[in-house]
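Hi,

Here is the structure I promised to pass on. Have a look at it first, and my notes follow below.

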Amino acid sequence: MASNSIWLLAGVRTPFVGVDGPFAHRDSLTLSVPVVQVMAARVRGPIDFGVWGAVIPNLAYANLAREVWLEAKLDPHVPTFTTIMQCSTSMAGVFEAAGMLARGSASLALVGGVESMSRVQIGLGQNLSDWMRRVGQARDLRQRIAVFRKLRPSDIRLFIPEVKNRVTGRSMGEHTEDMAKTWNVSRQEQDELALASHQRAIAQDRGFFADLIIPLDGTARDHFPRRDTSMEKLGRLRPAFDRASGRGTLTAGNSSPLTDGAAAIWVATDAGLSRLPSETPRVQLMDFEMAAIDIFNEGLLMAPVTAIARLLARHSLTFDAIALWEIHEAFSAQVACHIRALEDKKYVREKAGVEHTFGSFPRDRMNPHGGSVALGHPFGATGARILSQAVKELAAMPPGSRAIVSICADGGLGTVALLQN
């Protein structure tokens, strides 16, 4: 990192709710605005710039960040831009903001993201779009008739966004089933991780999330944490992605659900801290790492392992030197695969190019207030959610404590942050 200290301060988010639930009438724009307005109302002085993102595209928004800013009726002179990195979107936005602030020309950035899974826009297939454009360009009836004759039945199709990798044509769950088989992750281990996530997420009943969640449309808390779940109930669920081989282990119970929600976080220099309430939890962003893997041969969601290993090695840290681990739970199986790989000396040496001196992974320090399986996973918002949560958790620990925050993303990508209080 550059010479300027970079701070992350906990922001706010909407409750995370299920697709076609309480926020079904809100698109990415109207779901973001209340979060941004609450954030902006807490600032004394200017916000220097804003970064916002969403994974699912909408043809109405060329720059979603700018549309959110203007719709929220905030200062129009503040630059705002949109970023996207699949599930790492708002974490990548934090890294972008940190790099810009480290130059010293700005002090405070508002960063976040959103996903409205209930309002996914369906488009025309490319050939049908091209054909309609030519119809509009035709100057007379004869030209229109000529264009109409060129339309083929195979051109008449809609584009419906799916939660699949474009290159492989397979879903995240299908890829993760492959990872689970490669690393011999059992159904029981996945369900145990899922149960722990739900049990820890119920912390919101004890008030942990009270200052992190803003009520919206009559909803004040996340809908997903199952207060009555058990290993028996999780064990009765059928495989969701591999239903034919008899070896499928990923279910609706140990996978993150389709979610609507928006989340934000502050990124600041020392000077920027003075513009925010002193009670806002804050920690330093010490470093970060991004990694990518070969999605055809290395497991679609395995990139964070490489990033974590390189980050720890760069700072000569062991697993035990990290007091808090916040690992995004796209799937419980993916988390288990990451832990296995992080403990595999040969894998770390070959994939990350560093010698393994980290020790055994401390599972008891991971996701102490629940992860995405229990809290939900609105793609563009997860980075800001998990970082704000980690900031609040770490800020309450003894001075000098460190945290690793990790997110896997479609396309074989991973982002990891090192925090310290």
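**Notes on the loops and helices**

Asn-367 sits in the loop that runs between helix H12 (345-352) and H13. Please keep in mind that this is a predicted model. The phi of Asn-367 is positive, about 45°, although Asn-367 is not a glycine. Most residues other than glycine have a negative phi. Is Asn-367 buried or exposed? With a relative accessibility of 2%, Asn-367 counts as buried, because buried means under 20%.

Gln-86 also has a positive phi, near 50°, and is a residue other than glycine. You will find Gln-86 in the loop between strand S4 (80-82) and helix H3 (89-102). Its relative accessible area is 27%, so Gln-86 is partly exposed.

Back to H13, which covers residues 372-375 and contains Val-373. Val-373 is buried, at 3% relative accessibility. Which residues does Val-373 touch, beyond its neighbours within four places in sequence? Among them are Ala-194, His-198, Ser-255, Pro-257, Glu-329 and Ser-332.

Last, a helix pair. The axes of H4 (residues 126-137) and H5 (residues 141-149) come within 9 Å and cross at roughly 170°. Angles over 145 degrees count as roughly antiparallel, which is why H4 is described that way relative to H5. On the H4 side, Trp-131, Arg-134, Val-135 and Gln-137 take part, and they meet Gln-143, Arg-144, Val-147 and Phe-148 in H5. By type, the residues of this contact are 4 nonpolar, 2 polar and 2 charged.

Best wishes

Notes:
Residues are numbered from 1 along each chain as its sequence is written. This is a predicted model: local features need pLDDT of at least 70, side-chain atom pairs count only at pLDDT 80 or more; totals for chains, interfaces and linings use all residues. Side-chain values use heavy atoms; hydrogens and water are left out. Helices (H or I, at least four residues) and strands (E, at least two) are DSSP runs, numbered from the N terminus. Buried means under 20% relative accessible area, exposed over 50%, partly exposed in between (1.4 Å probe, protein chains only). Contact means heavy atoms within 4.5 Å. Axes are lines fitted to C-alpha atoms, for helices over the stretch in contact, and angles run from 0 to 180 degrees between N-to-C directions. Angles under 35 degrees count as roughly parallel, over 145 as roughly antiparallel, 65 to 115 as roughly perpendicular and the rest as oblique. Ala, Val, Leu, Ile, Met, Phe, Trp, Tyr, Cys and Pro count as nonpolar, Asp, Glu, Lys and Arg as charged, and the others, Gly among them, as polar.
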